[in-house]
Amino acid sequence: MLPSKFLEDAFRDRHGKIINIRHLDQVIKSVNGWYQERGLTGLVSYAEILSGGILRLQVSEAEVNNINIRFLDRRTGEPTVGKTQPETILCQLTTKKGQAYNRAQVKRDVETILTMGIMEDVTIIPQPVGDSNKVDLVMNLVERPSGGFSAGGGISSGITNGPLSGLIGSFAYSHRNVFGRNKKLNLSLERGQIDSIFRLNYTDPWIDGDNKRTSRTIMVQNSRTPGTLIHGGDHPDHGPITIGRVTAGIEYSRPFRPKWSGTLGLIFQHAGARDDKGNRIIRDFYNSQLTASGNAYDDTLLAKIESVYTDSGDYSSTMFVFNIEQGLPFLPEWLSFNRVTARLRQSYEIGPARLLLSASGGHVKGNFSPHEAFAIGGTNSVRGYEEGAVGSGRSYAVGSGEVSWHMFGPLEGVVFGDYGSDLSSGPKVPGDPAGARGKPGSGYGYGVGIRVDSPLGPLRLEYAFNDKQARRFHFGVGYRN
């Protein structure tokens, strides 16, 4: 591992001169330091002065001999039989047999295995092999329980007529290590007064050790969500509209450059609207159409391409997402359209405060379902307005600026301003649902809020004013999209 140029530079001024023991000692220390700085196990094990002015240094490097996996019981710490296939662990390691033993590299491998989410504890212990310069690596693994049930709750952002009606209960089963190969299975059911979502996800985070680290996700979902974002509005003779969707698809994702990742997917969707009695309908109470095809439901086969750039997993990091979806009309009744969306986020440190700027936008061209229009306004869009109250269009643009600062404990203060517009595209949505409801098409909001760090994620309580002089509280769980 030691470059020959390192020694050449160390002795460059000493050729033809009497050997200086003090200088030799400095060279030996610098060689040992070279290994230490890089986390390598290596040192000058022997120095010899030969006749004829020859100086010989013997440098010993530790070489990885074997990597042995040992599973330990999480209660007793005694060796046990593991559920995870050894090759599933070994393929994650960058340390390989025959390489120089690198402590820093081994530490990174430990962190990689922990991020798989199937191990509770990981340690790697080097053990010498006889009198040779080789080491065996013994990897002690403590597995997490592989699966279990959970229950919880949340709040739907699509409900605007009171917080209690937006409450959602959830029940889920997950298995994080299917077949002992780190494959993930998630089965969940969410249910509210209006919302209901049944979702099945099966993910292989690394397909058969592919050298590009490609992952695959298979998804099936049956959902019923409120249509208030696009087709909401008070009407004395009609209850709320719900949008039912049956979705199935497959997606492949992989990193393709540092900080960049990409996703390709193919998704089929069968979607339609129902009234408050569960009957299929094709027009709302303003006589705006609810499907693009004119039938009780629309069928769409979407090809999806997405690219994501992110500095890190921290919310304040730089992030850019670009997404293209293309409807493929393999059958005449299937919808054909192209949808492009983008999101950008950038933060700046300003003394003790942080300025966070974000922007998003999109455009749809072609024949698409009206309930798929871009909805503007609400907790994650333009605060100060109800959900979807600014507009709904074929195009949209939303910008936001926030200044936050730490107050005390887990509490942060926030001052914000938002602006959004449908870019005059509301009338171009089939049936013009925004025009029928008198939505302005553009608007801004501003206000103050507090953010509390909690085990559920950040809890946000915000008080906002809009350009119509209306005031509104917003409550959210998690960061803005």
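Is Phe268 buried, partly exposed or exposed? I noted that question and looked it up. Phe268 has 27% relative accessibility, so I list Phe268 as partly exposed. I kept in mind that this is a predicted model.

**Entry: confidence**

I checked the confidence values next. The mean pLDDT of the protein chain is 90. I found that 95% of its residues reach 70 or more. Among the elements, strand E7 (residues 147-155) has the lowest mean pLDDT, 80. Strand E16 (residues 319-327) has the highest, 97. A reminder to myself: where pLDDT is low, the predicted coordinates should not be read in detail.

**Entry: helix H1**

I went to the start of the chain. Ala10 is in helix H1, which covers residues 4-10. Its relative accessibility is 23%, so I wrote down Ala10 as partly exposed. Leaving out residues up to four places away in sequence, Ala10 touches His23 and Val27. I also took the C-alpha separation of Ala10 and Val27, which is 6.5 Å. Those two residues are 17 apart along the chain.

**Entry: the E1 and E2 hairpin**

Strand E1 (residues 42-50) and strand E2 (residues 54-61) came next. They pair in the antiparallel sense over 8 bridges. Tyr46 stands opposite Gln58 in E2. The hairpin has 3 residues between the strands. There I found Gly52 with a positive phi near 85°.

**Entry: an open sheet**

I then traced a sheet. 4 strands form an open sheet in the order E4-E3-E6-E5, with mixed pairing. The edge strands are E4 (79-80) and E5, and each pairs on one side only.

I followed E6 (residues 134-143) in both directions. On one hand, 7 bridges join E6 to strand E3 (residues 63-72), and these two run parallel. Val64 stands opposite Val135 in E6. Phe71 has Leu141 in E6 as its bridge partner. On the other hand, 9 bridges join E6 to strand E5 (residues 119-128), and this pair runs antiparallel. Ile124 stands opposite Met139 in E6.

E5 and E6 also make a hairpin, with 5 residues between them. Gly130 in that turn has a positive phi of about 55°.

How many of the residues of E6 are buried? I got 9 of 10, so I describe this strand as mostly covered. For reading side chains here, I noted one general rule. In a regular strand the side chains alternate between the two faces of the sheet.

**Entry: aromatic pairs**

I searched the whole structure for aromatic pairs and got 12. I opened two of them.

Phe149 and Tyr173 have ring centres 4.9 Å apart and planes at 50°, so I call the pair tilted. The pair links distant parts of the chain. Phe149 is in strand E7, and Tyr173 is in strand E8 (residues 167-178), 24 residues apart. Phe149 is exposed, at a relative accessible area of 62%. Tyr173 is partly exposed, at 25%.

Then I came back to Phe268, this time with Trp334. Their ring centres are 5.5 Å apart and their planes are at 55°, so this pair is tilted too. Phe268 is in strand E13 (residues 260-274). Trp334 is in the loop between E16 and strand E17 (337-350). The two are 66 residues apart, and the pair links distant parts of the chain. Is Trp334 buried or exposed? Trp334 has a relative accessible area of 17%, under the 20% cut-off, so Trp334 counts as buried.

I also marked a cluster. Ring pairs link Tyr446, Tyr463, Phe465 and Phe473.

**Entry: charges over rings**

I looked for arginines over ring faces. The charged end of Arg213 sits over the ring of Trp206, 3.8 Å from its centre. Arg383 lies over the face of Phe416, at 3.9 Å from the ring centre.

**Entry: Ser421**

My last stop was Ser421, in strand E22 (residues 411-421). Its relative accessibility is 11%, so Ser421 counts as buried. Which backbone atom does its side chain reach? I found the backbone nitrogen of Leu423, at 2.9 Å. Not counting residues up to four places away in sequence, Ser421 touches Ile376, Ser395, Tyr396, Ala397, Gly441 and Ser442.

Definitions and conventions
Residues are numbered from 1 along each chain as its sequence is written. Side-chain values use heavy atoms; hydrogens and water are left out. pLDDT is the predictor's confidence in each residue, from 0 to 100. Buried means under 20% relative accessible area, exposed over 50%, partly exposed in between (1.4 Å probe, protein chains only). A polar contact is a pair of N or O atoms within 3.5 Å; within protein, one must be able to donate a hydrogen and the other to accept it, and residues adjacent in sequence count only if both atoms are side-chain atoms. Contact means heavy atoms within 4.5 Å. Two strands pair if DSSP finds at least two bridges between them. Rings of Phe, Tyr and Trp (its six-membered ring) pair if their centres lie within 6.5 Å; planes under 30 degrees apart count as stacked, over 60 as edge-to-face and the rest as tilted. A charge sits over a ring if NZ of Lys or CZ of Arg is within 6 Å of the ring centre and within 35 degrees of the ring normal.
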